[in-house]
Amino acid sequence: MPAGFPDFRLGNVLATSFTGTLSERHGNAVERIPTPHRLIDWLTVNGLAVDSCTTAQLELARELRESIHAAATAAAIQDALPASAVQVINDCSAQGRAAAILTPEGERQWRLSSASRVEDALSVIAADAISIIAGERDGKLALCASPTCRAAFFDTSQSRTRKWCDMNTCGNRQKKARFHANQRKNLGSAE
């Protein structure tokens, strides 16, 4: 990955990992796909390699990302899905020509059209979002407990009580904050 860009947050669920390309939405937002080439990098890391990406395709990807975030957030709080977000997700899902293929190792891979178009990759992401928002997969949508993050994530823990989108970032930050608050409290009571 080129230096100077924030690392990608990679998860097990394609759609919510994609929404994680913009993090800290309620704090100092961190854009992880600021350029078309950076979107190519993210797609490649997630098994959706494309040959090129235009600025217009990057904007379409960001529109899909924000639509998935809006719909997943609404689903997580059991609110009505925003019609405009649903429309963008459905349109992106229908526009692509990706096909699932089975590898000799028994794993699923995505084969994009011969032109390896960004729209094909976005259709895979949109279809993944549809499957989790529609409740077709074992797990539940939740929102990160970090007040600056509030990312939608797909909780597949046994108890379905996970609090953080990522334990290594948001969860760790909250644990450190609690630890330091307890340290200050203990120092104050020792005086």
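1. A quick definition to start: a helix here is a DSSP run of H or I with at least four residues, a strand is a run of E with at least two, and both are numbered from the N terminus. With that in hand, look at the end of α3: just after this helix, Q78 takes a positive phi of about 55°.

2. Keep in mind that this is a predicted model. The protein chain averages a pLDDT of 87, and 89% of the residues score at least 70. Confidence is highest in helix α3 (residues 55–76), at a mean of 97, and lowest in helix α6 (residues 167–190), at 69. Where pLDDT is low, the predicted coordinates should not be read in detail.

3. How far apart are the end C-alpha atoms of α3? They are 31 Å apart; at 1.5 Å a residue, the 22 residues should span 32 Å, so the two values agree.

4. Next, see how α3 sits against helix α5 (residues 118–133). The two pack at an angle of about 0°, and their axes are 11 Å apart. Angles under 35 degrees count as roughly parallel, so that is the word for α3 and α5. On the α3 side the contact uses Q57, L60, A61, L64, I68, A71, A72 and A75. From α5 come V118, E119, L122, I125, A126, A129 and I133. Sorted by type, the residues of this contact are 13 nonpolar, 1 polar and 1 charged. As you trace those lists, remember that an α-helix has 3.6 residues a turn, so residues three or four places apart point the same way.

5. Finally, the strands. β3 (residues 99–102) and β4 (residues 108–111) pair in the antiparallel sense over 4 bridges. Among the facing residues, A99 stands opposite R111, and I101 stands opposite Q109.

Definitions and conventions. Residues numbered from 1 in each chain as written. Predicted model: local features only at pLDDT ≥ 70, side-chain atom pairs only at ≥ 80, totals over all residues. Heavy atoms only, no water. pLDDT = per-residue confidence, 0-100. Axes fitted to C-alpha atoms, helices over the stretch in contact; angles between N-to-C directions. Parallel < 35°, antiparallel > 145°, perpendicular 65-115°, else oblique. Contact = heavy atoms within 4.5 Å. Nonpolar A, V, L, I, M, F, W, Y, C, P; charged D, E, K, R; others polar. Pairing = 2+ DSSP bridges. Expected span 1.5 Å × (residues − 1).
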